[in-house]
Amino acid sequence: MSGLEQVKTAVARALESAGIRVQAAYTPGWAKAYQRPVVAVGLRTGESRGSALSSYLGRRTDPGTQVCQEIYGMRMDLTLSLDIYCPPEEGAAGCDSVLEALHQIVLERLPSGLKPGGLKWEETVWDEDTSMFLRRGSLTCGAYFIAAASEDGALLSDFILKGVVTR
């Protein structure tokens, strides 16, 4: 999974774990299927920092196997879109209540590899395309990734968002 997809997935999971419906990618008309508020998570802007081989972080030894690995890092600066859609029955106030929850989630539930820089939002408007209220929001954050290479440096694993548990 690409770094950008890992970030969008991590944010979506944090929102879902707090009971907020999430749509990761959408096309016109998608929101009409929702009877409750939903947040569309996407990318507004992004920039990668540092290449894999020039961002050497050090070495670590697996306590179980005693295998030594070299660790490399990569950073992305992103602005994610967190657009809140609410059905007419919820009104603009529905967007406000979801926004309140977003603030808490950004502060408390994101993986350690996502460092929030700011959450900005616009006023709530009526969206003709979806027939829902819409409050556009943006989350600016730094995303930190790590990758491990074998002791001889030959095998560099995929970059994984720091703080995300993998199996």
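# Briefing on a predicted protein chain

K8 is buried, with a relative accessible area of 15% (buried means under 20% relative accessible area, exposed over 50%, and partly exposed in between, with a 1.4 Å probe and protein chains only). The model is predicted, so local features need pLDDT of at least 70 and side-chain atom pairs count only at pLDDT 80 or more, while totals for chains, interfaces and linings use all residues. Residues are numbered from 1 along each chain as its sequence is written, and side-chain values use heavy atoms, with hydrogens and water left out.

**Overall architecture**

- The protein chain contains 2 helices and 9 strands (helices, H or I with at least four residues, and strands, E with at least two, are DSSP runs numbered from the N terminus).
- In sequence order, these elements follow the pattern α-β-β-β-β-α-β-β-β-β-β.
- Of the 167 residues in the protein chain, 43% are buried.
- Among contacts between residues at least 6 apart in sequence, 66% join residues at least 24 apart (a contact means heavy atoms within 4.5 Å).
- The protein chain has an accessible surface of about 9,400 Å², and carbon and sulfur atoms account for 51% of this surface (accessible areas come from the Shrake-Rupley method with a 1.4 Å probe, and for residues only the protein chains shown count as cover).

- K8 belongs to helix α1, and its side chain meets that of E5 in a salt bridge of 3.2 Å, N to O (a salt bridge is a side-chain nitrogen of Lys or Arg within 4 Å of a carboxyl oxygen of Asp or Glu).
- Because E5 and K8 are 3 residues apart in helix α1 (residues 3-17), about one helical turn separates them.
- E5 is partly exposed at 34% relative accessibility, whereas K8 is buried at 15%.
- Leaving aside residues up to four places away in sequence, K8 touches V41, G42, L43 and L80.

**Other salt bridges**

- The structure holds 5 salt bridges, and one of them joins D77 to R75, with the closest N and O atoms 2.9 Å apart.
- Within that pair, D77 is buried with a relative accessible area of 17%, while R75 is partly exposed with 31%.
- The side chains of R136 and D83 also meet in a salt bridge, at 3.3 Å from N to O.
- This pair links distant parts of the chain, 53 residues apart: R136 lies in the loop between β7 and β8 (137-149), and D83 lies in strand β4 (residues 68-86).
- R136 counts as partly exposed at 32% relative accessibility, but D83 counts as buried at 1%.
- A network of salt bridges links R44, D83 and R136.

- Rolling a probe the size of a water molecule over the atoms shows where empty space is left.
- The count comes to 1 cavity of 30 Å³ or more (on a 1 Å grid over the protein atoms alone, a cavity is a set of points where a 1.4 Å probe fits but cannot get out, and lining residues have an atom within 4 Å of a point).
- The largest cavity has a volume of about 40 Å³ (grid points are joined across faces, edges and corners, and a volume is the space filled by probe spheres set on the points).
- Its lining consists of V11, A14, L15, L82, L102, I105, V106, L110 and L139.
- Helices α1 and α2 (91-108) each supply at least two residues of this lining.
- The lining of the largest cavity comprises 9 nonpolar residues, no polar and no charged ones (Ala, Val, Leu, Ile, Met, Phe, Trp, Tyr, Cys and Pro count as nonpolar, Asp, Glu, Lys and Arg as charged, and the others, Gly among them, as polar).

**Loop residues**

- Most residues other than glycine have a negative phi.
- Q66 has a positive phi, near 65°; Q66 is found in the loop between β3 (56-61) and β4 and is exposed, with a relative accessible area of 56%.
- S131 also has a positive phi, near 55°; S131 is placed in the loop between β6 and β7 and is partly exposed at 34% relative accessibility.
- T130 lies in the loop between β6 (125-127) and β7 (132-135) and is buried, with a relative accessible area of 5%.
- The C-alpha atoms of T130 and Y34 are separated by 9.9 Å, and the two residues are 96 residues apart along the chain.

Key: 1 Å grid on protein atoms, 1.4 Å probe; cavity = no way out; pocket = protein on both sides within 12 Å on 5 of 7 lines; lining within 4 Å.
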